[in-house]
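Visitor: Hi, I have just opened this one and have never looked at it before. Could you walk me through it?

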Amino acid sequence: MPCPLPRIAPLGPALLLGLAALFGATPALAQAERCPKLVADNPFLQHLAPHALPAAYVAPRQVGLTYIGHSTFLIETAGGVTVATDYNDYVRPSVVPRVATMNRAHSTHYSLNPDPGIEHLLKGWRDDRDPVHYDLDIDDLWVGNLQTNIRDWRGDTIRNGNSIFVFRAADLCIAHLGHLHHTLTHEDIGALGRLDVVLAPVDGSYTLDLDGMIEVLKALEAPVIIPMHYFNEGTLENFLARFAGQNYAIERRESPELVLSRETLPRKPTVIVLPPRG
């Protein structure tokens with residue numbers, strides 16, 4: 001198992017005052033450091049084959065989810081709203097999403113050259129490190145966020161450098177944990193509320209260590225967990241082996257596409273492994 005980096009302290013109560021009604025937001029930090037070659041040149045992060053969602057992919061009261069790769073998913077609502085998570089210049093869908101979210105950690109999680117056709121480009125941080133807050137209704141999609149901290153390469157804390165983005169459509173709440181570096185407080189868990197699907201980074205080193213990630217996932221109690229942000233099959237298997245004793249079923253799918261609805265959520269909490277597109 002990779003040696004986990006030290007955790008940083010979670011947000012203090014003073015920064016959580018604005019979370020009672022809606023989610024807190026993330027500040028945008030300067031793009032001073034670029035992603036090291038260890039991450040950016042990883043063969044698992046190469047550009048993937050073009051893919052366009054077929055027409056009528058999502059029926060009413062359903063949400064479509066496609067794992068593009070790394071931390072990027074393409075979400076499609078029944079109303080045709082498309083979202084790309086952790087939109088970046090290495091791995092991105094071939095379709096231009098209406099909404100793109102980004103995070104600060106390094107350049108596989110944000111874009112310096114986003115497609116100009118994106119209507120809503122949501123940075124999960126601010127350059128002045130103050131919180132950023134989203135509360136957007138876009139046709140049949142709602143987007144909000146909860147601010148968390150990250151580490152820099154020296155292990156120092158960058159406040160509000162990450163956003164947990166939450167997407168609500170068809171009475172489903174999908175949370176993308178982004179580049180989460182610390183466990184969540186009771187206030188964080190309360191602010192996030194009921195989650196149905198959690199997209200979780202499981203590398204165990206660049207983000208939160210596996211013990212911490214398992215603690216977070218158990219606290220969130222979502223019926224579906226989808227792993228992301230793993231650099232090889234061994235990293236993924238390490239997470240699955242550690243999670244096997246947590247009373248979750250584990251399913252492996254052959255397709256990167258998943259259609260979700262409230263009616264078809266599993267009765268037993270389930271980890272669903274999707275292969276990256278291409």
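**Starting from one histidine**

Guide: A place to begin is His229, which is buried, with a relative accessible area of 0%. Please keep in mind throughout that this is a predicted model.

Visitor: Which residues does His229 touch?

Guide: Leaving aside residues up to four places away in sequence, His229 touches Tyr67, His70, Ser71, His109, His179, Pro201, Val202, Asp203, Tyr206 and Thr207. With one of these, Asp203, the side chain of His229 makes a polar contact of 2.8 Å.

Visitor: Let me zoom out. How many helices and strands are there in the chain?

Guide: The chain has four helices and 14 strands. It is 278 residues in length, and 55% of those residues count as buried. Among the contacts with a separation of 6 or more, 60% are between residues 24 or more positions apart. The accessible surface comes to about 11400 Å², and carbon and sulfur atoms account for 53% of it.

Visitor: What is the mean pLDDT of the chain?

Guide: The mean pLDDT is 81, and 78% of the residues reach 70 or more. Over residues 1-52, however, pLDDT stays under 50, although the model has 164 contacts beyond four places in sequence for that stretch. Where pLDDT is low, the predicted coordinates should not be read in detail.

Visitor: Got it. Now the helices: which residues of α3 are buried?

Guide: In α3, which covers residues 210-220, the buried residues are Leu210, Gly212, Met213, Ile214, Val216, Leu217 and Leu220. They pack against α2 (186-192), β10 (197-201), β11 and α4.

Visitor: And what is found at the start of α3?

Guide: There, a side-chain oxygen of Asp209 reaches to within 3.2 Å of the backbone nitrogen of Asp211. After α3 comes Glu221, whose phi is positive, near 55°.

Visitor: Which other residues have a positive phi without being a glycine?

Guide: Asp139 has a phi of about 55° although it is not a glycine, and Ala170 likewise has a positive phi of about 55°. As background, most residues other than glycine have a negative phi.

Visitor: Where are those two, and are they buried or exposed?

Guide: Asp139 sits in the loop between β6 (135-138) and β7 (141-151), and Asp139 is exposed, with a relative accessible area of 59%. Ala170 lies in the loop between β8 (157-169) and β9 (172-176), where Ala170 is partly exposed, with a relative accessible area of 24%.

Visitor: Going back to α2, what about Ala191? Buried or exposed?

Guide: Ala191, which lies in helix α2, counts as buried because its relative accessibility is 15%, and the cut-off for buried is under 20%. The C-alpha atom of Ala191 is separated by 7.8 Å from that of Leu146, a residue 45 residues apart from Ala191 along the chain.

Visitor: On to the sheets. What is the order of the strands in the six-stranded one?

Guide: That open sheet has the order β5-β4-β3-β2-β1-β13, with mixed pairing. β5 (120-123) and β13 (257-260) stand at the edges with a single partner strand each, so one side of each is left without a neighbour in the sheet. From one strand to the next, the twist averages 20°.

Visitor: In which sense do β4 and β5 pair?

Guide: Strand β4, residues 99-102, pairs with β5 in the parallel sense over four bridges. The bridge partner of Val99 in β5 is His120.

Visitor: Last one: what about strand β14? Which of its residues are buried?

Guide: In β14, residues 270-273, both faces are covered, with Thr270 and Ile272 buried on one side and Val271 and Val273 buried on the other. In a regular strand the side chains alternate between the two faces of the sheet.

Visitor: And which strands pair with β14?

Guide: Among them is β11, which pairs with β14 in the parallel sense over two bridges, and there Ile225 stands opposite Val271. Strand β12 (residues 249-252) also runs parallel to β14 and is joined to β14 by four bridges, with Glu251 opposite Ile272.

Terms used:
Residues numbered from 1 in each chain as written. Predicted model: local features only at pLDDT ≥ 70, side-chain atom pairs only at ≥ 80, totals over all residues. Heavy atoms only, no water. Buried < 20%, exposed > 50% of the residue type's maximum accessible area, 1.4 Å probe, protein only. Polar contact = N/O pair within 3.5 Å; in protein donor to acceptor, adjacent residues only side chain to side chain. Contact = heavy atoms within 4.5 Å. Areas by Shrake-Rupley, 256 points an atom, 1.4 Å probe, with all protein chains shown as cover. pLDDT = per-residue confidence, 0-100. Pairing = 2+ DSSP bridges. Axes fitted to C-alpha atoms, helices over the stretch in contact; angles between N-to-C directions.
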